Amino acid sequence: MTRGNKIELLRFTTAGSVDDGKSTLIGRLLYDSKSIFEDQLKAIEKTSERRGLKSIDLSLLTDGLKDEREQGITIDVAYRYFSTPKRKFIIADSPGHIQYTRNMVTGASTANAALILVDARKGVVEQTKRHSYLASLLQIQHVIVCVNKMDLVEFNEDIYEEIIQSYRDFASKLDIKDFDFIPISALLGDNVVDKSKNMGWYNGPTLLYSLENIPVSNDFNKLDFRFPVQTVIRPKSADFHDFRGYAGRISSGIVRKNDEVVALPSGLTSKVIAIHGPNGLVDEAFAPMSVSIELEDDLDISRGNLISKVNNTPNISQELDAMICWMDSKPLNLTAKYFIRHTTHEAKCLIKEVVYVMDLNELKRVEGLNNLKMNEIGRVKIKTTQPIIYDSYRKNKTTGSFILVEEGSFNTVASGMII
Amino acid sequence: MSSYIFTHLDELESESIFVLRETFAQFENPCLLFSGGKDSILVAHLAKKAFYPSKIPFTFLHIDTGHNFIETIDFRDKLVNELAVNLLVGSVQQSIDEGKVIEEKGQNASRNRAQSVTLLESIEKNKFDAAIGGARRDEEKARAKERFFSHRDDFGQWNPKNQRPELWNIFNGKKQLGEHFRIFPISNWTEMDVWNYILREKIELPSLYFSHEREVVIREDMILANSEFIKPLTNDVVKNEIVRFRTIGDLTITGAVRSTAITLQEIINEVSMARETERGNRADDQRSEASMEERKKEGYF
C-alpha cells in the first residue's frame, strides 16, 4: 500500500434528520472501508458496553464533543477523513435538526457532493426538502439520496420506488445537476461498502462505489481565469531586489506565461512574465493552485485586487443582489453597517432591503417581512462602500460568495451567494 | 501538465499555502509554533513555499518543557539556522520556578498541561496575535471540529460551542485587542498524507522517527525512552530495544513502537498497516475520553 500520490480528493457533506442514522452511516463507511484503528474501535466498544448495547454503536465514532456524547446528537460541523486506493475523502458532518441550518450551510460550502439521508419508514419529509434545497442553493454538484433503514421495511422494493418517485417530483424544482438514489441499511451495512444480499432487485452501485466515481476535476471552471491577490511578495534581498510576486490561489480558469492580463478594479493591463508554483517555475497554472505571478509592468496591485484575462473579466458593482443565510443569534439590523468579506477583499456594506425570506418548510418565498433571523435564508439587496469584483455564485463559488461580519463583535453573522 | 489533474496532495498543499498567506495578510505579528515534530516541520516547509523567494515572515516559537529529546533540539536549531528565521523559546521550567504553574506529581506526571500556561504567557509577552500550529483534525475527536482560524478570547480559551462559522475559504481573523487566533493550516491532512508528502518532497526529519536502538522503560502497554525524567516504578522493565517514535512530544509521555523501519518508504508501509492511531500511544490523551477537549478549552494547542 504505497499508493497515495495519484489519488484525487472528494469533499462531501452529510445531511439527515436527527434519527436518520447519519452518524451510523459514516461509522459504517469508516468501519467497512477499514479506516478505523484498533484503539478507536476499543474505545467505542467500551462505551457501547457501558450503555448496555448488544452490538457496537458505530455512531459513537463521529459524535465528537463531550456535550454531544451526553445528548447523543451532533451539534456542530465535524470533519472526518478516510481513503480508499482510489480517493481521499473529507466528510463535513453537519447536524440535521432545524436550528442548525447554519451548520449545514457551513459544511456544504466546501463540498463537491452531498449525501442526503431519508428514513425508509418516513419517506421524503420536510427536513429532506430543506436539506435538498440547501444543497441546491450552495450549488453542490452531485447529490446522493440514501434511502436508509431498508432493514426496517423488509427491504421492500415498492417502498423504495415510491420514495424515489416522490423525491424526483419534488427535486425537479431544484437546481441540482446530478442526483442518484441508493437503498441502504447503515446499521447492517447493506449497499454501503458491500453489495446487499437482501436487495437483489437493486442493480445500482454501492454508496462507496458512487463516491469513488463521482467526477471531481470536471467540476472546475477552466474558462474564466480569476486570481484574487492575497498578498504581494517583495523579498527586497540582494538576489531578488526588484521581485514583486502577486500571491494567491487561482479561483477558476488557467493562466499561461505571456497571457495579457488586467488588474481590477484599476483596469491597468500587463503581461504575465513568470508563474511560481509550489515547486518552482511553471508555464501554466490552473485552479485551485496556489501560485505567485510576476507581471511585466510595475502596477499598483495589492491585497483585495483581482487579476483576470483582458478579454474575460468579472462584474464590478457597489450594488449586489444575493441570497444570504443569517447565522447569528442577533437578527439582521437594517440600519447597521457590516463588513463584507469577499475573496481577499473587505469593504463595508448596508443591507438595503430583504426582498423575501424563504419558508424552508414549504419552500415558498415570503415577502414583506424585511428581516432575517438566525437560520433563515432570504434574498437581499446590498450596497457596498467600495466596488466588489464578482461573478454570480452559480458561475464561480469563490468570486460569488461572501460573509458578513458584525462591527462590534467581529462575529461572522451571515454567508452570502451573489445572484 | 496537459490533463489538469490535481492529486489530493497537490490540493492539500495548495490549501495550506493559501491559509499561511491569509495568516500573513490578516495579522500583524504571527508566530509559528514549532515543536520539532513532523507536523510542525511540514508547516515550516509549506511556509517556505508560500513566501518564496522571501524568508518565512513568522517568528518560530518553541515551548520547551525541559523534558525534550536532545535530537529534537539539535534538529530545531539546525532548521532555524537554515531558514534564517527568528526563534523564541518559552520555558516551562521558568513558569514553574516563577510559581505560575504547579508541577504535576505522581507516577505518570508530565508537563503537558503546564505547557498551556507557558504558551499563553509567551503569546501575551511577545504580543503575538496569531499562533500557527500543526494540529490535524484526524488526530483526535475534539480536533475534528476545529476551524482553520480558531478564535481565542483574552484568556486564551477556546469555546467549542461558540465558534465562528467558517465558509468556503473566507477566513475571518478580526478580533478585539488582547484576543488571538490559533491557525491550523494542515487541518485537512491525515497522518498518511503527511508521510506521503514528506516522502514526495524529501523533507528531512529528526532521527527519532527512524528505527534505532535505545534503552527503554516498559510500563504496562507503553514503551518510554529511559531518561532522568522517568520515575521508575516497581513493575517497570528497563532494557534495550529497537524502536522508533511515531510522534514526538515529551520524553515523559511519548511512547515508542518496536520497529525496524529505517527509510521513509518503510515507515509509510508500517503506518499504512498500523493498527493504532498515532495518538494511541500518547499517555496525555488516554486519561479520559474527553481529555483533549478539556485541555484545549484551557488554551492547549
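## Contacts and the overall picture of chain A

Two residues are in contact when heavy atoms lie within 4.5 Å. Among contacts in chain A between residues at least 6 apart in sequence, 69% join residues at least 24 apart.

The model you are looking at is predicted, so local features need pLDDT of at least 70 and side-chain atom pairs count only at pLDDT 80 or more, while totals for chains, interfaces and linings use all residues. Residues are numbered from 1 along each chain as its sequence is written, chains are lettered from A and ligands numbered from 1 in the order in which they are written, and side-chain values use heavy atoms, with hydrogens and water left out.

Chain A has seven helices and 23 strands; these are DSSP runs numbered from the N terminus, with helices being H or I of at least four residues and strands E of at least two. Of its 419 residues, 60% count as buried, meaning under 20% relative accessible area with a 1.4 Å probe and protein chains only; exposed is over 50%, and partly exposed is in between.

## A threonine in helix 1 of chain A

Let's start with A:Thr24, which sits in helix 1 (residues 22–32) of chain A. Its relative accessibility is 16%, so A:Thr24 counts as buried. Beyond its neighbours within four places in sequence, A:Thr24 touches A:Leu58, A:Ser59, A:Ala186 and A:Leu187.

Buried residues of helix 6 of chain A include A:Tyr160, A:Ile163, A:Ile164, A:Tyr167, A:Phe170 and A:Ala171. They cover an arc of only 125° around the axis, which puts them on the same side of the helix; the arc is that of the directions from the helix axis to the C-beta atoms. On the other side, A:Asp158 and A:Glu162 are exposed.

The buried residues of this helix pack against strand 4 (113–119), helix 5 (126–137), strand 5 (142–148) and strand 6 (178–183) of chain A.

## Crossing helices in chain B

Now for chain B. Helix 1 (residues 8–26) and helix 2 (residues 38–51) of chain B pack at an angle of about 75°, with their axes 9 Å apart. Axes are lines fitted to C-alpha atoms, for helices over the stretch in contact, and angles run from 0 to 180 degrees between N-to-C directions. Helix 1 and helix 2 of chain B are therefore roughly perpendicular to each other, a label for angles of 65 to 115 degrees.

Helix 1 of chain B also meets helix 6 (residues 191–201) of chain B: their axes come within 11 Å and cross at roughly 95°. These two helices are therefore roughly perpendicular as well.

Note on methods:
Angles under 35 degrees count as roughly parallel, over 145 as roughly antiparallel, 65 to 115 as roughly perpendicular and the rest as oblique.
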